[in-house]
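Dear colleague,

Please find below the structure that I am handing over to you. My findings follow directly after it.

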Amino acid sequence: MTAAPEHLFVYGTLRPSLRHPALRLLAEGAELLESGRMQGSLFEIAGYPGAVPSDDPADQVLGEVYRLTDPIAVLSRLDEYEEAADRFPAPREYRRERVEVTLANGETVMAWVYVYNRPTDGLIRIVGGDYLKFGEE
């Protein structure tokens, strides 16, 4: 029996349409599947977003889902990029956790996501949960 494929949900600087230099971290070891959404709230941190879990099903964060073909290598690189690796002092800015993501086709997958790990008091909430539309409101 083979293991289920690993997935990654991205909602900010790693979204393909932003063409951020950090996309190179996904170039080897990840394959873009399609758009998706997770239950959560999205905040502007300091020129980049942070998603936090929400109990309200109306709160959705929009992004893309990747299939990880080399999960160990990709997640290791991303842990460094997101400052979620053990070498960073606690409390780390992000933590990697698995969440349920709904794909554009309606299917759900469990995917790794980097969740903002600090208080959101005083941060601007990104209404609609789409970082690509932030600033258009």
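The radius of gyration is taken here over C-alpha atoms, and the globule rule is 2.2 Å times the number of residues to the power 0.38. The model is a predicted one. With 137 residues, a compact globule would have a radius of gyration near 14 Å, and the chain agrees with this because its own value is 14 Å. Its C-alpha atoms fill a box of roughly 45 × 40 × 30 Å along the principal axes.

The chain contains two helices and eight strands, in the order β-α-β-β-β-β-α-β-β-β from the N terminus. Of the 137 residues, 43% count as buried. Among contacts between residues at least 6 apart in sequence, 67% join residues at least 24 apart.

The salt bridges deserve a separate paragraph. There are nine of them. One joins Asp130 to Arg15, with the closest N and O atoms 2.7 Å apart. Asp130 lies in the segment after strand S8 (124-125), whereas Arg15 lies in the loop between strand S1 (6-10) and helix H1 (24-27), 115 residues apart. Both residues of this pair, Asp130 and Arg15, are buried. Together with Glu64, Arg15 and Asp130 form a network of salt bridges.

A further salt bridge connects Asp79 and Arg96, at 2.9 Å from N to O. Asp79 belongs to helix H2 (residues 71-81) and Arg96 to strand S6 (residues 94-103), 17 residues apart. Asp79 is buried, because its relative accessible area is 13%, while Arg96, at 29%, counts as partly exposed.

With kind regards

Note on methods: Residues are numbered from 1 along each chain as its sequence is written. This is a predicted model: local features need pLDDT of at least 70, side-chain atom pairs count only at pLDDT 80 or more; totals for chains, interfaces and linings use all residues. Side-chain values use heavy atoms; hydrogens and water are left out. Helices (H or I, at least four residues) and strands (E, at least two) are DSSP runs, numbered from the N terminus. Buried means under 20% relative accessible area, exposed over 50%, partly exposed in between (1.4 Å probe, protein chains only). Contact means heavy atoms within 4.5 Å. A salt bridge is a side-chain nitrogen of Lys or Arg within 4 Å of a carboxyl oxygen of Asp or Glu.
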